[in-house]
Amino acid sequence: MVPTGYYVILAAALFAVGALGVLIRRNLIVIFMAIELMLNAVNLAFVAFARQLGSSDGHVFVLFVMTVAAAEAAVGLAIIIAVVRNRESIFADQNALLRW
Amino acid sequence: METTADSIVRWIVIWPLLGVLGNLLIPRRSFVRLWAPAMVGLAFVTALVAVWRLWMLPPGAVLVDHVYRWMAVGNLHVNVDLSVDALSAVMVLVVTGVGCLIHVYSTGYMAEDRDVARYFTYLNLFTLSMLLLVLADNLPLLFVGWEGVGLCSYLLIGFWYEKTENASAGKKAFVVNRIGDACFLLGLFALFWGLGAQGTWTVAFRDIEASAAGLSPGLATVICLLLFAGATGKSAQLPLYVWLPDAMAGPTPVSALIHAATMVTAGVYLVARLHFLYAMAPVALEVVAIVGAATALLAATIAVAQTDIKRVLAYSTVSQLGYMFIACGVGAYASAIFHLMTHAFFKALLFLGAGSVIHGMGGEQDLRRMGGLQVRMPTTFVTMLAGCLAIAGVPPFAGFFSKDQILLRAYEWHPALWLAGVLGAGLTAYYMFRMFFLTFTGPSRATASVREHIHESPPSMRLPLVALAALAVVGGLVGLPEHWLWGDAFGAFLAPVLAGGHGGAAGAHSTGMGPGAAHGHAPEALLMLASVAAAGAGIGAAYLLYIRRPAERARLRARFPGLEQLLSHAYYVDELYEALIVRPVAALAGFAARVLDPRVIDACVNGLAQLTAALGGGWRRLQTGNVQHYALSLLLGAAAIVAYYAVP
């Protein structure tokens, strides 16, 4: 069996990449993809621990997270479309309106 | 001292209070001119009933009315307690009686004034405060009345405030009074502190009297001097008398009531009320007597050269108050109150008469433009004559008996004091009859238009004049010298309260045996003769210079150049105060207003606001609007929390 640690490290790395993507990328769609990546990294960690502990709690939680991620993706993309239609810009830094 | 509870006392004060409320709620001329005098009239009747009840009790009795509990702090209880003893009985009858007459007079004098409602409101408020002052059973309540009369004095002096000089006069009166009030408060605190040090936490008069013996003479002297300083402010003595001549800017009935009969007597009342305290401080009594004598003489010399009819009377008031303080200083408290009463009668009479003259001459107040009113204003003529004879000390008018008692006791204390008093009496007779002759005799010096309209005053004004004239004639008969008829009935009435302070040859038990009192039994008859002679000399001199040989005046003016100017400008004391005190204080105030207030105080407050704004301006830069920056702070926060728990 592959040691659980490897999975966790991979999950952490994926999470870090996702977080970095959220912070650094300008394109709203890419930011969204990075958010999805973070969610999936967490899923991986859950599944790894579920396998190690022999419990199905982790698997159930992963199903929940996937469902929520799907719903969130739908809503988020709808918002992005609305923003782009009104502002004609897909870049996060150009949509910084609520500023001082 | 026997105290009897009697709730009628509060009614003496409640009537004027209702007067104030009524005048405020229904400010219509037709209402206030009936309501205001009626309320004071009711107060007078109530006072009569109260004094009657007091009279029926054995001597030394006191009617006490506990109205309500004002302050109860630890051991100190200060209540609104009113009391009537012999001393406050006299005061309350004078205040309500003369006050009622002046209210009636005012209905005539102020008949055409626009602000009648405001006038009567203030007048009733004044009556309320003055009654509170004389009926108070403890010092703080007395001070409430004290302040109240000061306020009403300000309001009424500056009644016609549209003219700046009237408003300034009111302001001057209030500020000068305030200086006295500050000293009063210091004295009150010192007394309270001194009594508290021996465990007596009280400020009621009877309690103070019982425990005053425990105070050290030094402290008692300080207290007495401070309270006397307060009295000099209220009663216009040296050095705080300067507001009274200016106060003539107010309506004449106001001058009669406040600045002749009642408010200015508050200082005398205070000293008399606290006589037991002054008995412990002979130094303070000496100061009182000397200040009184100096003021009496000084003011008399100034009155000699005044050309405004009201100013003559104002300085005369200052002078006569000086006599009352001489009496207090030598321990003759009953004589002081006696003169207070007779003075109230004839001074109010004189002021109201002057008001009648001013009214009849359409507003003229300058003596140089009067003359010849004898025929056209007969009632005013006769009553003013009675007043002048009374104040000059011509027997058997009121002023003679009261002034004589004071002069006798002054002589027993020190002949020099007596001499000052007699000189003042001579000057008094002179300047009063100078005023009288200039006003009523000889050809009229008024302009033609004024002369046409000279008329006698309406009955509402004449009636009080007649009543006061009657009092000025017979009012002195209650205090005759010892062996005449019923003797000093007035002094006997006051004796239980004022403990041995009445006029008479048996001055051995008086508390004021001062320097030079080697004469035990004073030559009474001789002194009486001297004062009558002084009065005669004064009247004679006035007659000579103003009726018989007017040309002499020009010769005197040539012989003593500058004297007339010095006196008519009151020794330039006002100018001196202006330069020494008013200008520096005004400069300080200006500095505070222009520099301290905007640049220091406002700077602190504004600075605080600006600091907040600056801080805010810094912090708000966090709000970039860029979602990714917010995500970064989320991440950092989460990392911090994890680190806190993960790092051992």
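How many residues of chain A are in contact with chain B, and how many of chain B with chain A? The legends below begin with that contact. The model is predicted.

**Figure 1. The contact between chain A and chain B.**
Ten residues of chain A are in contact with eleven residues of chain B. On the side of chain A that touches chain B, eight of the residues are nonpolar and two are charged. No polar residue belongs to that side of chain A.

**Figure 2. Chain B as a whole.**
Chain B contains 27 helices and three strands. Along the principal axes, its C-alpha atoms fill a box of roughly 115 × 65 × 50 Å. Chain B has 648 residues, and 51% of them count as buried. Take the contacts in chain B between residues at least 6 apart in sequence: 80% of these join residues at least 24 apart.

**Figure 3. The three-stranded sheet of chain B.**
The sheet is open, with strand order β1-β2-β3 in chain B and mixed pairing. Its edge strands are β1 (2-5) and β3 (76-84) of chain B, and each pairs on one side only. From one strand to the next, the twist averages 50°. β1(B) pairs with strand β2 (residues 61-73) of chain B in the parallel sense, over four bridges. In that pairing, A5(B) stands opposite V64(B) of β2(B). Helix α2(B) packs on the sheet and touches β2 and β3 of chain B. The direction of α2(B) makes about 115° with that of β2(B).

**Figure 4. The hairpin of β2(B) and β3(B).**
β2(B) and β3(B) pair in the antiparallel sense over nine bridges. R69(B) has N79(B) in β3(B) as its bridge partner. The two strands, β2(B) and β3(B), form a hairpin with two residues between them. In the turn, G74(B) has a positive phi of about 60°.

**Figure 5. Helices α2(B) and α3(B) packed together.**
Helix α2 (residues 29-56) of chain B packs against helix α3 (residues 86-109) of chain B at an angle of about 160°. Their axes lie 9 Å apart. Angles over 145 degrees count as roughly antiparallel, and α2(B) and α3(B) are therefore roughly antiparallel to each other. Their crossing is left-handed. On the α2(B) side, the residues in the contact include A36(B), V40(B), F44(B), A47(B), V51(B) and L54(B). Those of α3(B) include A89(B), V92(B), L93(B), C100(B), H103(B) and V104(B). Glycines take part too, among them G41(B) in α2(B) and G97(B) in α3(B). By class, this contact of α2(B) with α3(B) has 13 nonpolar, six polar and one charged residues.

**Figure 6. Helices α15(B) and α22(B) crossing.**
Helix α15 (residues 333-360) of chain B and helix α22 (residues 489-498) of chain B cross at roughly 125°. Their axes come within 9 Å. That angle makes α15(B) oblique to α22(B). The crossing of α15(B) with α22(B) is right-handed. Y333(B), A334(B), I337(B) and F338(B) in α15(B) meet F490(B), G491(B), L494(B), A495(B) and L498(B) in α22(B). Eight of the residues in this contact are nonpolar, one is polar and none is charged.

**Figure 7. Helix α11(B), mostly covered.**
Helix α11 (residues 266-273) of chain B has eight of its eight residues buried. Y269(B) and L270(B) are among them. R273(B) is another of the buried residues of α11(B).

**Figure 8. Two cis peptide bonds in chain B.**
Most peptide bonds are trans. The bond from L238(B) to P239(B) is cis, with omega near -10°. P239(B) sits in the loop between α8 (217-234) and α9 (243-246) of chain B. Another cis peptide bond joins P395(B) and P396(B), with omega about 0°. P396(B) is in the loop between α17 (378-392) and α18 (398-413) of chain B.

Most residues other than glycine have a negative phi. E88(A) is not a glycine, yet its phi is positive, near 55°. E88(A) lies in the segment after α3 (57-87) of chain A. It has 8 C-beta neighbours inside 10 Å, so E88(A) counts as exposed. Y572(B), also not a glycine, has a positive phi of about 55°. Y572(B) lies in the loop between α25 (563-568) and α26 (573-619) of chain B. With 12 other C-beta atoms within 10 Å, Y572(B) is exposed.

Conventions:
Residues numbered from 1 in each chain as written. Chains lettered and ligands numbered in written order. Predicted model: local features only at pLDDT ≥ 70, side-chain atom pairs only at ≥ 80, totals over all residues. Axes fitted to C-alpha atoms, helices over the stretch in contact; angles between N-to-C directions. Parallel < 35°, antiparallel > 145°, perpendicular 65-115°, else oblique. Left-handed = near helix turned anticlockwise from the far one by under 90°. Contact = placed C-beta atoms within 7 Å. Nonpolar A, V, L, I, M, F, W, Y, C, P; charged D, E, K, R; others polar. Pairing = 2+ DSSP bridges. Buried ≥ 20, exposed ≤ 12 C-beta atoms within 10 Å, placed from the backbone.
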